[in-house]
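Here is a report on how two chains are arranged and how their side chains pack. Open the model alongside the text.

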Protein chains: 2
Amino acid sequence: MTDIPLTTREIHLAARPDGWPTPENFRLTDAPIPELGADQLLVANHCMSVDPYMRGRMNDSDSYIGSFQIDEPLQGAAVGEVIASTSSEIAVGATVLHGLGWREHAVVDASSAKVVDPTLASESAYLGALGMTGLTAYAGLTYAGKFKEGDVVFVSGAAGAVGSIVGQIAKASGASRVIGSAGSAEKVQRLTELGFDAAFNYHDAPVSEQLHAAAPEGIDVYFDNVGGDHLEAALTALNTHGRVAMCGAISQYNATEPSCAPRNLALAIGKLLTIRGFLVGEFSDKADEFAAKMAGWLSDGSVTFDETFRDGLENAPQAFIDLLRGANTGKMVVNL
Amino acid sequence: MTDIPLTTREIHLAARPDGWPTPENFRLTDAPIPELGADQLLVANHCMSVDPYMRGRMNDSDSYIGSFQIDEPLQGAAVGEVIASTSSEIAVGATVLHGLGWREHAVVDASSAKVVDPTLASESAYLGALGMTGLTAYAGLTYAGKFKEGDVVFVSGAAGAVGSIVGQIAKASGASRVIGSAGSAEKVQRLTELGFDAAFNYHDAPVSEQLHAAAPEGIDVYFDNVGGDHLEAALTALNTHGRVAMCGAISQYNATEPSCAPRNLALAIGKLLTIRGFLVGEFSDKADEFAAKMAGWLSDGSVTFDETFRDGLENAPQAFIDLLRGANTGKMVVNL
């Protein structure tokens with residue numbers, strides 16, 4: 001039996017970032033592990049997620065999800081082993097997915113934890129393709145983007161955790177063409193290997209130019225992870241009755257000035273576009289449907305997921321900063 | 001019987017405008033009236049419509065509707081009397097609504113003309129509240145904006161032909177609050193008379209400020225006729241699951257540079273917004289439903305429509321230019 005520690009290490013928010021986050025915004029600190037209350041688990045975290053949406057929580061803002069608080073541990077998905085339990089539902093030894101990452105041990109309400117099977121897939125897969133980012137891709141494409149067979153799909157941030165799954169799901173579901181934008185030649189190469197019909201490096205030339213070359217007959221769905229110039233290019237490329245699934249806008253997360261793009265939103269009128277902002281939390285009722293489909297796609301090879309690993313809680317802040325700069329291919333995971 | 005003339009007067013596009021249109025972009029000219037072909041009508045136009053969307057047709061662009069051509073007559077809705085007919089369906093003496101305005105006489109395919117009853121409503125009403133602008137308001141609010149009872153509705157260009165109908169329909173349909181933005185104190189006063197719960201003059205202070213004061217608990221539907229700063233303010237004010245019905249963007253029609261607003265489109269993500277560009281032509285299947293409802297609303301006083309009249313074809317260009325500058329309250333109509 002694992003010894004129950006009395007203290008653990010956590011990453012706290014030291015100061016709110018102004019623009020790009022820096023290591024000084026985070027503090028690695030020792031913290032006591034409290035006694036378990038009723039129906040709680042003590043989890044030894046094995047891996048934790050870093051995701052772009054966390055940048056928004058570092059701001060002091062009145063958003064949909066609440067801010068991280070100064071001098072408190074950050075939060076996010078994590079997978080680990082239950083080493084103590086006062087729950088009758090989840091026993092010691094279980095592997096659980098929960099929301100208290102950014103720390104080596106977490107006290108979690110059993111009702112907020114989900115038992116996962118580490119023999120079916122790696123623990124990290126439950127942070128990505130089998131977890132939140134996979135569901136985001138599936139639900140966003142299907143329900144926000146209202147994807148249908150034959151659509152031409154463009155996805156930005158296509159080499160990231162969500163984007164790479166979007167493109168593969170679209171291909172597996174009968175898209176007539178899938179185009180991805182990413183930030184390096186290596187990523188573009190990877191997208192081609194993953195089955196994208198066309199992929200381009202947005203640093204090479206204006207997005208609008210490259211998108212038109214890749215989709216001369218226009219696009220039907222744009223899955224937006226980036227915003228800005230990508231959204232503007234997509235609005236020009238979209239065909240009548242086109243749809244935008246607005247998932248994220250990573251090009252703006254570290255901006256200190258508001259963005260001027262897209263400047264052509266009025267195109268939505270003549271093209272009868274639907275632009276739908278969405279959050280994965282809207283689609284928890286689709287989780288089972290997604291899990292079944294993703295199991296099939298992983299099993300038949302329609303979907304392959306990549307992961308970029310960093311090791312050690314002390315490296316989690318840099319992993320997050322590097323994620324925002326596009327250092328990852330696929331899901332960025334911090335092993336603990 | 002009306003004498004059948006051999007010539008008529010038309011307004012031709014003389015040159016494409018650069019920015020705001022000027023009288024020099026239009027030419028009043030005599031034109032021969034051709035012989036009727038099969039199933040055609042010669043219509044003596046009594047009144048014609050000028051609408052903001054026509055500004056887009058003056059550009060040389062690949063839009064949804066096709067450009068006006070240089071040295072050819074402009075087009076738009078008109079109502080007049082049939083003075084000659086080769087149609088077995090529509091006889092001399094009928095009053096018809098058709099698409100060849102900007103001229104005193106038009107040769108129209110009978111299949112493109114709709115017989116209207118001038119004893120039920122004024123002829124000009126069929127250009128506005130009972131016609132295209134009324135249907136735009138109804139279908140846009142209902143089907144693009146997915147209005148539901150209890151919604152708080154904000155409409156820009158609220159004193160115009162479409163906006164003034166949107167606000168009244170929303171009140172009649174159980175909106176909990178209807179707010180309108182317009183460009184003068186007189187228009188704001190009129191909106192209050194028409195039943196808007198709140199109305200403001202966008203010249204008085206930033207729209208975002210005035211909108212927040214008028215709707216401190218936020219809005220649920222934004223009916224957008226203006227774009228730009230109004231759309232930006234609305235995105236901030238919209239509540240979760242809010243909807244934007246993008247009808248027009250008159251603040252940008254005469255711009256020579258692309259617009260920087262809205263800069264906050266990414267708010268759509270956290271608020272789960274649906275932004276739907278639409279055109280009235282999508283909803284011709286709703287025309288009968290609309291006609292029945294509008295007849296009821298006009299009859300019970302829920303909806304009152306205003307009209308601003310100009311007289312004479314030679315004054316049509318200025319009527320259009322003045323429309324773009326907001327000279328009208330309600331529907332701008334040119335009597336011929």
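The model is predicted.

## Nonpolar core

The largest nonpolar core holds 52 residues. Those that touch the most other members are A:Phe154, A:Ile179, A:Ile219, B:Phe154, B:Ile179 and B:Ile219. In soluble globular proteins, nonpolar side chains tend to be buried together.

Which residues does B:Phe154 touch, leaving out those up to four places away in sequence? Among them are B:Ile179, B:Phe200, B:Val207, B:Leu211, B:Ile219, B:Val221 and B:Tyr222. B:Ser181 and B:His230 are also on the list.

## Aromatic pairs

Over all chains, the count comes to 22 aromatic pairs. One of them joins B:Tyr138 and B:Tyr143. The pair is edge-to-face, at 6.4 Å centre to centre and 80 degrees between the planes. B:Tyr138 is buried, with a relative accessible area of 2%. B:Tyr143 is partly exposed, at 25%.

B:Phe154 and B:Tyr222 have ring centres 5.1 Å apart and planes at 20 degrees, so this pair is stacked. B:Phe154 lies in strand β8 and B:Tyr222 in strand β11 of chain B, so the pair ties together parts that are 68 residues apart in sequence. Both residues are buried.

## Clusters and charges over rings

In chain A, one aromatic cluster is formed by A:Tyr138, A:Tyr143, A:Phe223, A:Phe278, A:Phe283, A:Phe290 and A:Trp297.

Charged groups also sit over rings. The charged end of B:Lys286 is over the ring of B:Tyr143, 4.4 Å from its centre. A:Arg325 lies over the face of A:Trp20, at 3.8 Å from the ring centre.

## Backbone geometry

The peptide bond from A:Ala261 to A:Pro262 is cis, with omega near 0 degrees. A:Pro262 is in the loop between β12 and α7 of chain A. In chain B, a cis peptide bond joins B:Ala261 and B:Pro262. B:Pro262 is in the loop between β12 and α7 of chain B.

Two non-glycine residues have positive phi. A:Trp102 has a phi of about 60 degrees. A:Trp102 is in the loop between β5 and β6 of chain A, and is buried with a relative accessible area of 0%. For A:Leu272, phi is near 55 degrees. A:Leu272 is in the loop between α7 and β13 of chain A, and is buried at 8%.

Terms used:
Residues numbered from 1 in each chain as written. Chains lettered and ligands numbered in written order. Predicted model: local features only at pLDDT ≥ 70, side-chain atom pairs only at ≥ 80, totals over all residues. Heavy atoms only, no water. Core = buried A, V, L, I, M, F, W, Y, C linked by side-chain atoms within 4.5 Å. Buried < 20%, exposed > 50% of the residue type's maximum accessible area, 1.4 Å probe, protein only. Contact = heavy atoms within 4.5 Å. Phe/Tyr/Trp six-rings, centres within 6.5 Å; stacked < 30°, edge-to-face > 60°. Helix = DSSP H or I, 4+ residues; strand = E, 2+ residues; numbered from the N terminus. Lys NZ or Arg CZ within 6 Å of the ring centre and 35° of its normal.
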